[in-house]
Amino acid sequence: MAKDKKKNSRPRAETPRGFRDYFGAEVTERAAMLSAITEVYHRYGFDALETSAVETLDALGKHLPDVDRPESGVFAWDGREFEDREGDLHPRDALALRYDLTAPLARVYAEHNLALPTPYRRYAVGPVWRNEKPGPGRYRQFYQCDADTVGSASPAADAEICAMLADALEAAGIARGDYVIRINNRKVLNGVMEVVGLLDPKNPEAGEEARGTVLRAIDKLDRLGPDGVRALLGEGRKDESGDFTKGAGLGAPEADIVMSFVEAERSDGAATCARLREVVAGSEAGLTGVTELETIAALLEAQGYGDRAKIDPSIVRGLGYYTGAVYEAELTFEITDEKGQKRQFGSVAGGGRYDDLVMRFTGQRVPGTGVSIGVDRLLAALRERRGATEAAYGEGPVLVTVMDKDRLSDYQTMVAELRNAGLRAEMFLGGGNMAKQLKYADKRTCPVAIIEGGNEREAGIVQLKDLALGARLAAEIETNEEWKAQPAQIEVPRANLVGEVKAMLTRGRA
């Protein structure tokens with residue numbers, strides 16, 4: 001009789017495609033970074049908000065990036081798991097995992113606006129989910145850290161978000177000079193579209209496909225350069241592989257206007273805005289956008305952020321709900337990619353003004369502006385700056401090794417003393433000799449190991465092994481004399497255990 005394969009089969013122990021697991025050091029690093037960022041948000045007067053991971057599909061609506069396929073990028077289901085006792089199911093019961101943190105904010109403000117202050121300033125942190133094709137470094141679940149002001153139409157709110165973003169990046173560990181916040185305005189972009197004949201204010205739906213092609217071309221300036229963008233503005237472009245990308249079909253005069261816009265950046269914000277005024281002359285929306293950019297640039301300059309934030313006409317945010325200022329934080333230091341080539345790290349945060357998002361719920365226009373930090377990308381950037389050695393050590397607990405199994409209470413007493421002094425510590429709970437225990441300490445990236453055998457016990461001392469220092473010395477020191485001058489293991493009085501461990505940890509972090 002054949003065996004029942006289904007009965008004997010076991011589930012495969014693997015994460016779903018496009019998802020990943022986060023382990024100790026990663027979770028700790030993320031928590032520390034987010035704590036530093038949200039402290040800045042709190043200092044600026046923003047309040048915390050935590051929304052449900054699940055929203056109704058109706059609430060997410062058509063604001064999603066792929067305007068041609070609304071709702072295609074979400075994890076959604078029909079909600080039958082939550083149907084009422086009569087089995088009734090309303091279309092609004094269709095549910096989805098949140099795609100970002102902004103759409104839930106719009107729903108919260110529409111639902112609770114009478115109880116909330118205006119403007120309402122909030123920050124939020126949490127995972128979001130996107131049902132998109134995964135790839136290297138691209139996951140279907142990732143973390144975002146947002147801050148938004150809802151209810152203010154003033155460009156000062158946009159300037160504040162940009163200033164706060166600069167402070168948040170520095171609090172997280174990105175040095176001044178290693179980043180720049182680039183600012184543009186969708187109204188100016190619309191003005192350019194009007195000037196080249198791709199946007200009729202009386203019939204904004206017409207020409208949408210061509211405008212999208214132009215915006216995508218502008219967004220590729222860093223990668224393709226001016227010549228590549230110009231080709232995409234015209235008939236199209238053939239890449240090195242021979243693949244052809246159809247262009248927007250603009251004539252040479254219209255393409256010249258768009259390129260004048262893209263290359264309008266000058267030595268400072270005022271000069272850039274002056275050039276943009278020339279490019280969008282004749283467009284009321286475009287000139288309004290330039291005025292807003294002038295205000296933002298002046299406010300940032302007055303607060304001392306002029307060296308960190310700049311007007312950049314090439315910035316195009318992908319989400320369709322932006323209506324005014326848009327901005328991106330770009331890290332400017334170089335890294336070596338998987339092909340061994342040097343390149344800049346790139347964008348880690350972006351946002352902008354969305355004055356129509358809440359109107360989906362209320363029928364009334366409510367201005368809003370905000371920014372979202374890509375948590376995983378920023379963490380990766382911080383690891384690049386810290387270097388492998390610093391990232392590898394200092395994360396684990398101090399380890400109290402077990403030399404004599406009949407003295408567990410003595411070792412646990414040491415652990416308690418260390419913990420009561422605010423130090424992270426643990427006693428080794430596995431079986432094995434000292435070599436196995438130190439191997440465990442290495443895998444846990446423990447900075448210090450404490451050793452007390454019978455002889456040490458009688459002498460009233462303990463051995464402290466500086467594991468982090470030992471690893472560095474092994475990599476750097478070449479002679480025996482140098483090694484003796486920097487001992488990685490010392491004897492200290494048992495009574496001085498806590499103070500000596502603190503001193504060793506301080507030395508290792510210096």
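**Entry 1: Thr 445**

I began with Thr 445, which I found to be buried, with a relative accessible area of 19%; since buried means under 20% relative accessible area, that value is what places Thr 445 in the class. The model I am reading is a predicted one, and I keep that in mind for each value below. Thr 445 is found in the loop between helix H16 (434-443) and strand S16 (448-451). I looked up the backbone there as well, and the phi of Thr 445 is near 50°, a positive value in a residue other than glycine. I noted this because most residues other than glycine have a negative phi, and most peptide bonds are trans.

**Entry 2: a cis peptide bond**

I then turned to the peptide bonds, and found that a cis bond joins Thr 118 and Pro 119, with omega at about 5°. Pro 119 lies in the loop between H4 and S5. Helix H4, residues 102-112, lies across strand S5 (120-129) and S6, and I read its direction as running at about 40° to S6.

**Entry 3: the whole protein**

Of its 510 residues, 45% count as buried. Among the contacts with a separation of 6 or more, 67% come from residues 24 or more positions apart.

**Entry 4: the open sheet**

In what order do the strands of the open sheet run? I traced 8 strands in the order S1-S5-S6-S13-S12-S11-S7-S10, with mixed pairing. The edge strands are S1 (47-48) and S10 (309-311), each of which pairs on one side only. As a reminder to myself, strands of a sheet pair through backbone hydrogen bonds, either parallel or antiparallel.

I followed several of the pairings individually. S5 and S6 pair in the antiparallel sense over 10 bridges, and within that pairing Pro 127 has Tyr 143 in S6 as its bridge partner. S6 and strand S13 (residues 368-374) are also antiparallel, over 7 bridges, and here Asp 148 stands opposite Gly 370 in S13. S7 and S10, in turn, pair in the parallel sense over 3 bridges, with Ile 311 in S10 as the bridge partner of Ile 183.

**Entry 5: S6 and Gln 144**

How many of the 10 residues of S6 are buried? I found 9 of the 10, so S6 is largely enclosed by the rest of the structure. Gln 144 lies in this strand, which covers residues 141-150, and it is buried, with a relative accessible area of 8%. Setting aside residues up to four places away in sequence, I listed what Gln 144 touches, including Asp 100, Leu 101, Ala 124, Val 125, Arg 130, Ser 372 and Ile 373.

**Entry 6: Asn 184 in S7**

Asn 184 has its place in strand S7, residues 179-185, and I read its relative accessible area as 0%, so it is buried. Which backbone oxygen lies 3.0 Å from a polar atom of the Asn 184 side chain? It belongs to Ile 315. Beyond its neighbours within four places in sequence, Asn 184 is in contact with a list of residues that includes Leu 189, Phe 261, Leu 293, Asp 312, Ile 315 and Val 326.

**Entry 7: Tyr 327 in S11**

Tyr 327 is placed in strand S11, residues 325-336, and at 1% relative accessibility it counts as buried. The side chain of Tyr 327 is joined to that of Thr 369 by a polar contact of 2.7 Å.

**Entry 8: the bent helix H8**

Where is the kink in H8 centred? I located it on Asp 227, with an angle of about 75°. H8 (residues 221-233) has 13 residues, yet its end C-alpha atoms are only 12 Å apart, short of the 18 Å that a straight helix would reach at 1.5 Å a residue. The buried residues of H8 are Leu 221, Leu 224, Gly 225, Gly 228, Val 229, Leu 232 and Leu 233. What covers these buried residues includes helix H7 (208-219), strand S8 (236-238), strand S9 (244-246) and helix H9 (252-262).

Methods. Residues numbered from 1 in each chain as written. Predicted model: local features only at pLDDT ≥ 70, side-chain atom pairs only at ≥ 80, totals over all residues. Heavy atoms only, no water. Helix = DSSP H or I, 4+ residues; strand = E, 2+ residues; numbered from the N terminus. Expected span 1.5 Å × (residues − 1). Bend = angle between axes of the 7 residues up to and from the residue. Buried < 20%, exposed > 50% of the residue type's maximum accessible area, 1.4 Å probe, protein only. Contact = heavy atoms within 4.5 Å. Polar contact = N/O pair within 3.5 Å; in protein donor to acceptor, adjacent residues only side chain to side chain. Pairing = 2+ DSSP bridges. Axes fitted to C-alpha atoms, helices over the stretch in contact; angles between N-to-C directions.
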